[in-house]
Amino acid sequence: MSRIHLLTPRLANQIAAGEVVERPASVVKEILENSLDAGASRIELDIEQGGVKLIRLRDDGRGIEKDDLALALSRHATSKILNLDDLEAVESLGFRGEALASISSVSRLTLTSRTADQDAGWQVQTEGRDMTAEVSPAAHPQGSTVEVRDLFFNTPARRKFLKTEKTEFKHLEEVVKRLALSRFDVGFTLRHNQKVIHQLRPAISETEQERRISTLLSPAFIENAMKVDVSAEASGLRLWGWVALPTFSRSQADLQYFFVNGRIIRDKVVAHALRQAYQDVLYHGRHPAYVLYMELDPKLVDVNVHPTKHEVRFRETRLVHDFIFRTTHRVIADIRPEQGSEPAISGAAASTLLSAVPGQAASGQHFEQSRMPLHQLQGTATGMAGAGFAPSSRYVGDRPSAGQVRDQIAGYGALHPQNGVVDTALDAMAETDSSECPPLGYAIAQLHGIFVLAQNDAGLVVVDMHAAHERVVYERMKLAYEAEGVRSQPLLVPVSMAVSSMEADCAEEHAEVFSKLGIEIARMGEETIVIRQVPVALASADISKLILDVLGDMVIFGTSQKIQEHTNELLATMACHGSVRANRQLTIPEMNALLRDMERTERSGQCNHGRPTWTQMSMTDLDSLFMRGQ
Ligand code: ADP
Ligand code: MG
């Protein structure tokens, strides 16, 4: 042990580098963010050997004044904030003034730059233990070039933790992807060992943006995604982007991108809200996919909670949670074959459908559940008419008469476990313009007691009878449950539970919320609560576990859907048992009544387990199966 002494600047920087510079990918993140903060519109990255040998970035941003160059490489030097007020409403990606100093302490770094009003460029490199910077002239257009060679050459311990070149490059590419998704207006080029990996032009229109997502993530994602764009005037929140159909779920949470004011983040509140939005339609253990952008007043979000700024803290957790949940839940609920009220559908989706003309094998979209609303599909049919088909007129003769329709409804009503079906279905018929084919068309046959085949303007519709009916019944039961309100009953023996004092506080504070949900709860001591009354539907549930889950949610998120979820689960089970089983022979009228019910039901695109309930095969799809028109 020696006497106390000040660390050399290089060592101090190397210690700081421990936090932010873990691997080549972290260097790329920092210097890319600097270019975006400098207003660059084009960024080029050249990488060698996974970034360990070389990372070179060029941008066309504002550049750095000659006199500031040396400062840019020193610790705690930034042009982005001046005082605490700035920090509390920070709009730039960087603000800590540490990245360049850290990186230059563990690599051979050269920074070359030129501003608009300089007529030549200047360059700095740092040397030695005290990191004094040498400034020299260098030819350079406006903008900056950062060259990082031999990362960790002087910190062998760090170097040992690096993985193979391929793995390091994968990490680095992921960073580029995220930043390229965060700023559609900026062009990016990424080369690895002289090979172009990504070349992305600025993407302004929605179609261009979708093309970028398709290139960076997967074409299948964007083909199966719906566009969202919702603003809440009062709170100034806006959420926009793309959410995948529940049928396009993933086995891992690997296609989830969420940006807050242009910064990618991972956040419990956000993840929870989105999981909840999908919870009723996702198969157990599957993960939703999304690329979403939230914009809000920078004052409402604290980005200074983590050195790499991957985490943020929202000032109004509850508001943000509710907004995200409500917005995405609505879009997902709107997925049903309905004309008129359409979830905002993305341009590319419509154009992919429309461009699928005969003679061009419709790439990758055969048999997939088409994206709703169905009038998009009818657009396809019209397009086909131009190409020598006239599907709509072909089917007119097959429409049932009014009398037949009435028979159909009566038939289906008899099949249904609930009453009231007849009335609703009749209404639906009355609203339908008699000259128009309904979105899911008219039933023509039943296949092996499992599938209903129907014919609509676009072509053939195949419906999984049990899955579809189950969803219809389930949604109806939920509505009835909501309309009747929550009926609750006292427990024979009140359940007393040991909880933390924070949870007990929460239970006490939210007693009224609980009572609205049909639960009577009271505090008995510092760490004890007692439950006296629960909803009838939950009488057989494990009530203490449910209450613990709910309190856990409330403590973290200020709200909980657990009771609703649990009730829904029970309703879903009942719906499953109450729906038509496979191998039950249906009459044509019964099948038609089911199709009409599906058109009227929220979330009818998936069964309660998230599997698709129906699929469209357009005439184009069928034609290309037989290579017609090629
Ligand atoms: P921070 O980004 O937190 O400010 P950095 O160490 O990353 O800290 O960068 C220090 C400063 O160098 C920045 O504040 C900025 O003024 C300047 N700078 C870095 N990179 C660039 C660039 N590509 N173009 C213009 N200025 C830059
Ligand atoms: Mg920075």
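Author: In this predicted model, E173 and K170 are three residues apart in helix α7 (residues 165-182), so about one helical turn separates them. The two residues form a salt bridge. Their closest N and O atoms are 3.5 Å apart.

Reader: Is E173 buried or exposed, and is K170 buried or exposed?

Author: Residues under 20% relative accessible area count as buried, and those over 50% as exposed. E173 has a relative accessible area of 11%, so E173 is buried. K170 has a relative accessible area of 54%, so K170 is exposed.

Reader: Why does the salt bridge between E44 and R191 tie together parts that are apart in sequence, and what is the distance between their closest N and O atoms?

Author: E44 forms a salt bridge with R191. E44 lies in strand β1 (residues 42-48) and R191 in strand β7 (residues 187-192), so the pair ties together parts that are 147 residues apart in sequence. E44 has a relative accessibility of 27% and therefore counts as partly exposed. The closest N and O atoms of E44 and R191 are 2.7 Å apart.

Reader: Which strands hold R56 and E147, and are these residues buried or exposed?

Author: R56 and E147 form a salt bridge, with 3.1 Å between the closest N and O atoms. R56 belongs to strand β2 (residues 54-59) and E147 to strand β6 (residues 143-149), so parts 91 residues apart in sequence are tied together by the pair. As to accessibility, both R56 and E147 are buried.

Reader: Which residues are linked in a network of salt bridges, and how many salt bridges does the count come to?

Author: Side chains of opposite charge can pair when their charged atoms come close. In this model, a network of salt bridges links E44, D46, R56, E147, R149 and R191. A salt bridge requires a side-chain nitrogen of Lys or Arg within 4 Å of a carboxyl oxygen of Asp or Glu. By this rule the count is 31.

Reader: Turning to the ligand, which residues come nearest to ligand 1, and which helices each supply at least two residues of its shell?

Author: There are 19 residues around ligand 1, and N34, T78, S79, K80 and G97 come nearest. By class, the shell divides into seven nonpolar, eight polar and four charged residues. The helices that each supply at least two residues of this shell are α2 (24-37) and α5 (99-105).

Reader: Which residues form a nonpolar patch on the surface, and what is their accessible area together?

Author: I15, found in helix α1 (residues 9-20), has a relative accessible area of 53% and is therefore exposed. I15 forms a nonpolar patch on the surface with L7 and L11. Together, L7, L11 and I15 have an accessible area of about 270 Å².

Reader: Where is L69 placed, and what separation do the C-alpha atoms of L69 and W122 have?

Author: L69 is in helix α3 (residues 69-72). With a relative accessible area of 0%, L69 is buried. L69 and W122 are 53 residues apart along the chain, and their C-alpha atoms are separated by 8.0 Å.

Reader: Where does L151 lie, and how many Å apart in space are L151 and K53?

Author: L151 lies in the loop between β6 and α6 (156-160). At 0% relative accessibility, L151 counts as buried. In sequence L151 and K53 are 98 residues apart, whereas their C-alpha to C-alpha distance is 6.8 Å.

Reader: What is the phi value of Q194, and what is that of H448?

Author: Q194 lies in the loop between β7 and β8 (195-200) and counts as exposed at 65% relative accessibility. H448 is in the loop between β16 (442-447) and β17 (451-455) and counts as exposed at 69%. Neither is a glycine, yet phi is positive in each: near 70° for Q194 and about 50° for H448.

Methods
Residues are numbered from 1 along each chain as its sequence is written. Chains are lettered from A and ligands numbered from 1 in the order in which they are written. This is a predicted model: local features need pLDDT of at least 70, side-chain atom pairs count only at pLDDT 80 or more; totals for chains, interfaces and linings use all residues. Side-chain values use heavy atoms; hydrogens and water are left out. A residue is near a molecule or strand if one of its heavy atoms lies within 4 Å of it. Helices (H or I, at least four residues) and strands (E, at least two) are DSSP runs, numbered from the N terminus. Ala, Val, Leu, Ile, Met, Phe, Trp, Tyr, Cys and Pro count as nonpolar, Asp, Glu, Lys and Arg as charged, and the others, Gly among them, as polar. Patches are made of residues with over 30% relative accessible area and no salt bridge: like charges are joined within 9 Å, nonpolar side chains (Val, Leu, Ile, Met, Phe, Trp, Tyr) within 5 Å. Accessible areas come from the Shrake-Rupley method with a 1.4 Å probe; for residues, only the protein chains shown count as cover. Buried means under 20% relative accessible area, exposed over 50%, partly exposed in between (1.4 Å probe, protein chains only).
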